[in-house]
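Thanks for asking me to look this one over.

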Amino acid sequence: MSGTPSGGLRDVRAEFPIFARRAALDPYRPFVYLDSGASSQKPEAVIEAQAEHLRAHNANVHRGVYALAQEADAAYDGARARIAEFVGAERETTIFTKNVTEAINLIAYSWGRANVGPGDAVLITQMEHHANLVPWQVLCRERGAQLRYLEVDADGRLSLAQLDAELARGDVRLVAFAHVSNVLGTINPVAEIAARARAAGAVSVIDGAQAVPQMPVDVDAIGADFYAWTGHKALGPTGIGVLHGRRELLERMEPFLTGGDMIASVDFQTVTWNELPYKFEAGTPPIAEAVGLGAAVDYLDALGMERVREHERALTAYMLERLREVPGLRVVGPPDARERGALASFTIEGMHPHDVAELCDRAGVCIRAGHHCAQPLMRCLGVGATARASLSVYNDRSDVDALVDALVAGREVFGL
Ligand SMILES: Cc1ncc(COP(=O)(O)O)c(C=O)c1O
């Protein structure tokens, strides 16, 4: 039974061409991919949609009057409509960026520089990825504002009481936080945090990079002012990110980048901006990537995000249980799979995480090791780095078994 997906999900592994290959270091071993938190693999449907666009419908968008250019327009704007619908957002307030990092920088520049000043505070959390930390640090430094952090407790959770206490200080202009932590796996109560921020007059920004690929997300129901995510972790291509913003805020904001496509008209000394969402899309956008991401959300939609979540929750529970068999192994984050996304970050006493990842690679198992772009969180956890195994729709129990076998064998190499 170990190869059977759980949660009613159909077995999709054969739909991902990369799984036809063998392990990079040993052609006799199967290829086991447990690094989808860094970037997911792509189904044939996505690869083919993007290739077919480039083969048969390629032209620049919003410029050409000829029929082929209009096919490209339809493909690009059609992808946007499907991507927006997939997460319960509106087409006009769904902006394509290069990745989630650029989406958060867009908010920090366009909203932050106009609305945050001396005496104000930006509130983020200790579990943020650098993408949702460095832009706020730079903004606060430039604008003479204070950057404050919500703490992470021993089980990797945030405290709503601390949130209330911070908001009660009356100076918080913006609250930015991850939907799902890329290190701890913690699923944060995003709607609750966004509602409390709003009641205190603060704008909320959610980094949904780890959430959209693995659970149903309804941006409208969450009620955040900004929600950002990235295509390549959600079975889509690299080079495309998505920002959903509240219309009133987007309409009042100045553009982040300027140049072509984001203008309504330009004279020698003056310029007026295009309508949403184009005001925030300067230059030729990621057209083929949008088509690919459109195919990715169609694929996820057809699988059913409830089933995806249930499959990954059950597999995470199995992974947590099996990791307990490895002596000296400590998993960080919430102990219960119901409270976490599909990953486990861990340390093994007596082994550096990089050695752990390298020994796993020799066994054909790809996992990540390092600070996971969350150096301040590593300091809170009292470690320099962790190893991390992260799951997606194509993983099953046999992958977790291969990981545990590799870890047990790795300890032996180290004489542990
Ligand atoms: C929670 C989180 N935020 C942001 C990012 C950055 O994503 P990107 O490099 O696609 O901008 C990542 C990627 O690792 C992430 O896990």
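1. Lining residues have an atom within 4 Å of a point. Grid points are joined across faces, edges and corners, and a volume is the space filled by probe spheres set on the points.

2. Please keep in mind that this is a predicted model, in which local features need pLDDT of at least 70 and side-chain atom pairs count only at pLDDT 80 or more, while totals for chains, interfaces and linings use all residues. Residues are numbered from 1 along each chain as its sequence is written, and side-chain values use heavy atoms, with hydrogens and water left out.

3. The second largest cavity holds about 30 Å³ of space. Its lining has 10 residues, and Pro5, Asp11, Val393, Tyr394 and Asn395 are the closest to its centre. By class this lining has four nonpolar, two polar and four charged residues (Ala, Val, Leu, Ile, Met, Phe, Trp, Tyr, Cys and Pro count as nonpolar, Asp, Glu, Lys and Arg as charged, and the others, Gly among them, as polar).

4. The whole structure has two cavities of 30 Å³ or more, and the largest cavity has a volume of about 140 Å³. Among the 16 residues lining the largest cavity, Ser36, Gln210, Pro213, Gln214 and Leu391 come closest to its centre. Its lining divides into seven nonpolar, seven polar and two charged residues.

5. Turning to the largest pocket, its volume is about 250 Å³. Of its 16 lining residues, Glu90, Val219, Asp220, Gly245 and Arg246 lie nearest the centre. Helix H7 (219–222), strand S7 (226–230), strand S8 (241–245) and helix H8 (247–252) each give two or more residues to this lining. Helices (H or I, at least four residues) and strands (E, at least two) are DSSP runs, numbered from the N terminus. The pocket lining divides into five nonpolar, five polar and six charged residues.

6. Seven strands form an open sheet in the order S2-S8-S7-S6-S5-S3-S4, with mixed pairing; two strands pair if DSSP finds at least two bridges between them. Strands S2 (94–97) and S4 (146–150) are the edges, each pairing on one side only. Strands S3 (residues 121–125) and S5 (residues 172–178) run parallel and are joined by three bridges, with Val122 partnered by Leu174 in S5.

7. A second open sheet has four strands in the order S11-S12-S15-S14, with antiparallel pairing. Its edge strands are S11 (329–332) and S14 (368–370). Three bridges join S14 to S15 (residues 386–390), and Ala369 stands opposite Ala387 in S15.

8. Which residues of H9 meet H10? They are Leu300, Ala302 and Leu303, which meet Met305, Arg307 and Val308 in H10 (contact means heavy atoms within 4.5 Å). By class, this contact has five nonpolar, no polar and one charged residues.

9. Helices H9 (residues 287–303) and H10 (residues 305–323) pack at about 75°, with their axes 5 Å apart. That makes H9 roughly perpendicular to H10. Axes are lines fitted to C-alpha atoms, for helices over the stretch in contact, and angles run from 0 to 180 degrees between N-to-C directions; angles under 35 degrees count as roughly parallel, over 145 as roughly antiparallel, 65 to 115 as roughly perpendicular and the rest as oblique.

Conventions. On a 1 Å grid over the protein atoms alone, a cavity is a set of points where a 1.4 Å probe fits but cannot get out, and a pocket is an open set with protein on both sides within 12 Å along at least five of seven lines; lining residues have an atom within 4 Å of a point.
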